[in-house]
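This report walks through selected sites in one structure. Please keep the sequence and the coordinates at hand while reading.

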Amino acid sequence: MSTASSAENSILGAQQPRSLKLAEVEFIEILGSKSIVCGFHLVDYIWSDIFANLAPASTYVLITDTNLARLYLEKYHEGFQTAWAHHKPGATPPRLLTHVLPPGETSKSRATKGSIEDWMLSEKCTRDTMVLALGGGVIGDLVGFVAATFMRGVPFIQIPTSLLAMVDSSIGGKTAVDTPAGKNLIGAFWQPKRIYMDMAILSTLPAREFSNGMAEVVKTAAIWTPEEFDILESSAPEIRSAVLEGQHGNSNAGLALGTRSPAQSLLLRVIAASARVKAYVVTHDERESGMRGLLNFGHTIGHAIEAILSPQVLHGECVAIGCVLEAEIARRMGHLREVGVARLTRCLRAYGLPTAVNDPIIHKLVGGRRIAELRPRRLMDIMGLDKKTVGSQKRLVILKGLGQTLEMKPTNVDDALINEVISAGVLVNPVPESLSTAEASVVVVPPGSKSISNRALQLAALGTGECRIKNLLHSDDTQVMLTALQAMGGCTFSWEDDGDTLVVVGGGGKLRVPDSELYLGNAGTAARFLTTTVNLIDAGSDTMATTVLTGNARMKQRPTGPLVDALRTNGCTIDYCEREGSLPLRITHMGKQFPGGRIQLAASVSSQYVSSILLCAPYAQSPVHLELVGGKVISQPYIDMTIAMMVQFGCKVERIAENEYLIPCGAYTNPAEYVVESDASSATYPLAFAAITGTQCTVPNIGSASLQGDARFAVDVLRPMGCTVEQTETSTTVRGPPRGNLRALGDIDMEPMTDAFLTAAALAAVAPANDGVTRIRGIANQHVKECDRIAAMCDELAKFGVKTENHPDGIDVYGVAVDALQKSTPSIHCYDDHRVAMSFSVLACVAPCGAEIRERRCVGKTWPQWWDVLGRDLGAPVAGSDPVVHEPDSEAKNAIASSNASIVIIGMRGVGKTSLGKAAAQFLGLAFVDMDEYLEKEVGQTIPEIINGSGWAAFREHECRLLAKALTQDHPIGAIIACGGGVVEGEENRAVLKKHVASGAVVVCLTPNMQHVAEYLNKDKSRPAYAATSDINDVYARRLPLYAECCNYEYLVDKALLAANEDDQAGSWSIIERDFIRLLKFASGRDLNRADLAHPSFFVSLTAPDVREYLPFKLVQVTAGAQAIELRVDLLLRAPELANADLADLGAQDGFVHYVHRQFTILRHSSRLPVVFTVRTSPQGGIFPVDADKLRVRLLQCAIRWGAEYVDVEVDNAAANIYAARQKSLVIASYHDTAGKVLRWGESESEFANEMLARARTCGDIAKLISVAQSWEDNLACQRFVQRNHSVAAPLIALNMGYQGQLSRVLCPCLTPVTHPLLTASAAPGQISVRQINEARSLAGLLPSKQFFLFGTPIQQSPSPAMHNAGFAALGLPYTYGLKETQSADELREVIGSADFGGASVTIPHKQTIISLLDQLTLAAQRIGAVNTIIPLQDTDGKRTLVGDNTDYLGIVGCLQRAQLERQSESFGTSKALVIGAGGTSRAALYALYTLGVRHAFVFNRTTSRAEALVEEFTSLFESIEVAADLQAAAALNPAYIIGTIPASDLAIPDELFAGAAGVALDMAYKPRWTPLLERAARNNWTVVHGVAVLIEQGVHQLEKWTHSTAPIQIMSEAVYTKYNAEF
Ligand SMILES: NC(=O)c1ccc[n+]([C@@H]2O[C@H](COP(=O)([O-])OP(=O)(O)OC[C@H]3O[C@@H](n4cnc5c(N)ncnc54)[C@H](O)[C@@H]3O)[C@@H](O)[C@H]2O)c1
Ligand SMILES: [Zn+2]
């Protein structure tokens, strides 16, 4: 900080002063006086004005920053003296003190203010001091505040030097400093006496700061003055040049009106106009109510962005983004047209401002990671805190047009709408069926064709004369084109009719070198067209002049080589700046132009190359003779379009041969008007919407006469698919068949309409009729579009469970029925490709659970308002969605796109193929095919008829032929096919099945308990009988190896094994079903049920010879805290029944395998945890005899076929084979040094360990190395070995056995083997329990303590603390769970912000309000719209994300499923459900019912309007959901499920509710235990679920999500009941 005291006032007084240069100025009135002065070169004027017209002061204090001091301080000193000499010649001038501060926001502090005051006091400044602020907003705000309080206020002058300060901060009298608590919190209103705006001073302002101010200028014009907006929009280059002008020499240009250049006048005009608006608003609304709020346009969202991205991103940059988003909200609401958004965007861009959060400008400033922090939740949260919001209601300035707002004040806007627009993704929910019955036709006018728009722009820009272009596409592509053409000075653009018409005044082909490189984003058409166009630039004598064409990362990968080759050969100088064959390109003009003459061009990749040359050809130096070479010319229709349009603009192209064109020299003559046809590719989406949903849609301006190839889509694609299509020359109407009835297309060549193939593929996905196969060809170019679109369609369709095949020139799509699509919400990656996004949004409209489209904004390329159209006009339920980065749900974590190939079930008759197959098909959303029925239908005879009539051989023949047909033609995907028992008898059948297995599909064999089969067959008379039981056994024995040969999975069906089960429902078939479904989910890759290795994990080793020893209860207890169970198969040999088995005997071997299979199955029936299947040999620390190695290998192979999630394989010669055959199982390759002598960990002695690790990794997914600790230090060596070698991607289990090795178990990173006190023997010496390990980790400081809470009120009686604390204690976790009782969500902010916050349960009244405090919601919580669980997730960088989840629904799901098992009732799908209440819990209840498959629901609530609102929100999830007027009315609907969600009350429950078949009643209220609802239900023999059971179930889920481990259910539930039973 430097201080210059009064200037050397010595000699000047004596000499004759130079003459004054008094600028000609303009005034702006504010608060009744003309105190704002604008002009150029104002220094003399300023001092003269002050001396002459303001009260005299003894001291003038001028404060500025170092940047300005360097440039202007001297001038101000000199001017001061000169003006004084003229003002009072000879008199002693007053004091001029100057003070210089460091630049930047940090100067705007209390400390700086204090230091200025101290300095002024030390300089003896008195009340007659005048303070001048020379600087940007920082200096103005700070110095103004000093003036406001110095000696209770001294006069103050603003000399704003930044554009922002001129148009914003200097006007209005707001002054302030920043404090650590926030910006501008301490300040005062203090009006300056004068505000001098010296435009000349802007010449030194850094370009980025100029842009920063332009954001406010554009904003102000956008809300206030249409004319100003027009000028800003069309004059960006001039305005920018005016600022630069002063930099050339020290002229006084502009000082006098006569010397002002047109550009300078323009600059002054737009700045003054902007300042005038602010002055007007301040004058009429000084204390910021209503009108002043208008200036806040762009700021509500802009500030939220700024809060996260400052200081790297400037205020104006954030406001620019905010303006675009807020304008999009106005568009979404239907007030602003897209053209408004587009013009606003382009205008901001023209001044160098970013217009989206992922703008390259922002990327450069902060990088992608910071941008990722802009989660919608956080932004909404910050907006909620904005001091300008009233209560929780957000208010935004809604534009009606450019220069016009909806109201003269901000408008209330729904959070959901804001959220939708600021979200990165969109959730498209299924369209209600009811829409399909609507008769009316929706009319949609898609945006103008991109191809036609870009051609029209290029033609009109090169042409001569004026052309009015209508229905021009407003998209990123055309904007890029407009901006680039403007930058080459080729033409001028202006808008008419509120932006509907673009007026182009063509430049007749005269182009100049642009000021900077031409950035083309990802606009392919613009890039290709301009590649030739820039070669038309005439750089005159400047032979070094160059132009660079560049784009975004994707653009830089897209090919443009053939075009560049052709131009180079023609004599143009073009260099690749980065990658050969792609942008960026540098064109060196060499003064000359595009030579023309004969040009050869390879046109098999893109027709745009051809069009590019054709469009420019008339301006070449000699006539162009264009010859297309290098194979088949792609997309001829586009070439034809170009030629047709050239004719419309007055230039002829002669086609002299198939691929040769002659273009004479000439010039385009612009037609007065040109109307751009709507884009036919875009039109495919609304038409496809009609097709897929069974509704009707009309596109009124595309018909059979269109130039666009895609205009044929309706007739050539939709009609054959079963739609009714009416097409005239100029319009197209499509009506879809009833939903689910689209027909596959078979073979179709889409070469004439390649861009429409994505739409066709999306429709084909749900077109099962007509064989279901659609083979699209002729679209090879789609491999190299915005992305590899064919691969993208394959990958993303797989997420719906749709099978496809990727071909060099096309795609095959295997259509499925709508309800066979995956029953979960797929998250679609669009590769930033608009067409991928729009195609999948159409498919989402009928998918059972809709779809999340991850990249909302990518549609901006051609149809920015697509989501508005889809949501508002077409009626699809759309909402914002924030694609979740980490999905904490364990179900989702392993979800992988599964192959949807049909699953085949084989096995003996009577084993349960049909009943299990049907149940699984229903659950998995697949079709069920019974081969017997299929065969009878195909042959037209019953099976006994066939056999009796033509014999067994004929039957087998049919069977064989039809199995092949079913698997390859009728049901290759999306079905479960149950085969007849004898299917494996025929060799050809076996070949068919083996081929199916080889293709990666699942053939599962049901293995029976033969006794049950015999019983069944004796009852079943529909088939030729077996003579006796012994016959059956013979048949079985014969078929057994055949079955084994044909299947890749086996499932043991044996009711006898259920008897010992925990939820012993005496042989409940449902458990067998449940576990069969689980096997299918595993085998098909739908759910691999793997442990999460990103966190410490444990598996508990079962050591008893019979798993039943742990049943019914112990198993649940011993697995608490574990992520898997190890079945030590070798230890099963100790079973008494195997005592005398001789393992050398084949029969005994079979017996043992069968024993193990039964054990495995019992384990499956009793626990949902994954199983580690281990056969430990004696040298490796187990008891399995080494001489039974064949049996060991056989057991491991069986484990893979039984679906064991993990198989432990010892590193030996057999290991590699098992690894190769592991299917979906993971192999743990293990090696034990039971003596601890050779396997050593220390770096110098670990050669053997390294070798074993390397070998383990060649035959396993997870390596496991075990040694024995010789000393305690060995544990640390082991830990360091782990650190060197373990990662989540290549996991390593390493530890030391023995007492001294216990510490290594504490430190083991994953899948640590553990024991439990209730287990009689541990599996290995030194094994300890989960609790011991956690306690040790906590003592060692490896497991920080955490606090958990229940948020809500009233909660004093809640059993949750007892439940969770008991759970934590049982696991040895240093966690405590307490109550945080409060009404105010604000108080919770601090709690969840603290470092030791571990998580929370949330109850009334915070379930919805808490959302604003969280970063992310799981899909379930998003859909429910309420949160009951908060989970903080830490990423690897330690950054914490607060995830909101909802386990209420999981609690309800779990309890209802269990009740269903008990009831043995029919499936959920056909039943109706009643939900009583309409709060946050009812939302969870509805979602739970939806997940269970219930499709018909009723809601009753005493306040009907709330029930109606709830029903409205959930319509898309149910086939029918309605409000029940009262409970009597609800009774008439016969619900099978009733869920109460309101506190037990005096609500009268009528008995009629339970009059139908006995169902399940569940009450979320748990006080009292018997609520009126449950009491009545029980009296009527319904199954009841007590609220306390749901409470425990949801709590168990919470604890598991918080701890990433299995909850100690038993202990948690005991803790609840102990408290509960005592109190209720
Ligand atoms: N009081 C209000 O109503 C109001 C309104 C908006 C903004 N603000 C405040 O304004 C401040 C931001 O103002 P700003 O954007 O002008 O920032 P600033 O004052 O920091 O100026 C930006 C930079 O440009 C330099 N600079 C300014 N004019 C120059 C020139 N002519 N030649 C060369 N360099 C020059 C400055 O030294 C500084 O480095 C913030 O503190 C903000 O809170 C106040
Ligand atoms: Zn602002």
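## D1526 and its loop

D1526 sits in the loop that runs between β60 (1520-1523) and α51 (1527-1531). The model is predicted. D1526 has a relative accessibility of 36%. That value lies between the 20% limit for buried and the 50% limit for exposed, so D1526 counts as partly exposed.

The side chain of D1526 makes a polar contact with the backbone nitrogen of A1529, at 2.7 Å. How far is D1526 from L374 in sequence and in space? They are 1152 residues apart along the sequence, and their C-alpha atoms are 45 Å apart.

N1534 belongs to the loop between α51 and β61 (1537-1540). Its phi is near 55°, which is positive although N1534 is not a glycine. Most residues other than glycine have a negative phi. N1534 counts as partly exposed, at 46% relative accessibility.

## The zinc site

Which residues coordinate the zinc ion (ligand 2)? The donors are E216 through OE, H299 through NE2 and H315 through NE2. The distances run from 1.9 to 2.1 Å. Along the sequence, the donor residues follow the spacing E-x82-H-x15-H.

The two histidines come from two helices: H299 from α10 (residues 299-309), H315 from α11 (residues 315-332). The pair therefore ties together parts that are 16 residues apart in sequence. H299 is at 5% relative accessibility, so it counts as buried.

P311 lies in the loop between α10 and α11. The peptide bond joining S310 and P311 is cis, with omega at about 5°. Most peptide bonds are trans.

R331 is part of helix α11. Is R331 buried or exposed? Its relative accessible area is 5%, so R331 is buried. Beyond its neighbours within four places in sequence, R331 contacts L336, R337, E338, V341, P864, Q865, D868 and R872. L379 is 48 residues from R331 along the chain, and 20 Å separates their C-alpha atoms.

Q865 can be found in the loop between β37 (851-853) and α27 (866-873). At 17% relative accessibility, Q865 is under the 20% limit and so counts as buried. Neighbours within four places aside, Q865 is in contact with R331 and E338.

## A four-stranded open sheet

Four strands make up an open sheet, ordered β16-β29-β31-β30, with mixed pairing. The edges are β16 (441-443) and β30 (724-727), each of which pairs on one side only. From one strand to the next, the twist averages 15°.

Inside the sheet, β29 (residues 696-699) and β31 (residues 732-735) run antiparallel and are joined by four bridges. Which residue of β31 is the bridge partner of C697? The partner is V734. Helix α22 (residues 680-693) lies across β29 and β31, and runs at about 160° to β29.

## Two further backbone features

K124 has a positive phi of about 60°, yet it is not a glycine. K124 is in the loop between α3 (110-122) and β6 (129-135). K124 counts as exposed, with 63% relative accessibility.

A cis peptide bond also joins K1567 and P1568, with omega at about -5°. P1568 is in the loop between β62 (1560-1563) and α52 (1572-1579).

## Annotated spans

UniProt, in an unreviewed entry, lists "domain: 3-dehydroquinate synthase N-terminal" at residues 100-211. In the model, this span is 34% helix and 29% strand. Its end C-alpha atoms lie 25 Å apart.

The unreviewed UniProt entry also places "domain: SDH C-terminal" at residues 1587-1616. Here the span is 83% helix and 0% strand. The end C-alpha atoms of residues 1587-1616 are 12 Å apart.

Methods. Residues numbered from 1 in each chain as written. Chains lettered and ligands numbered in written order. Predicted model: local features only at pLDDT ≥ 70, side-chain atom pairs only at ≥ 80, totals over all residues. Heavy atoms only, no water. Pairing = 2+ DSSP bridges. Axes fitted to C-alpha atoms, helices over the stretch in contact; angles between N-to-C directions. Contact = heavy atoms within 4.5 Å. Donors = N, O, S within 2.8 Å, 3.2 Å for Na, K, Ca; no water. Buried < 20%, exposed > 50% of the residue type's maximum accessible area, 1.4 Å probe, protein only. Polar contact = N/O pair within 3.5 Å; in protein donor to acceptor, adjacent residues only side chain to side chain. UniProt positions renumbered as here; feature names shortened; annotations may be inferred.
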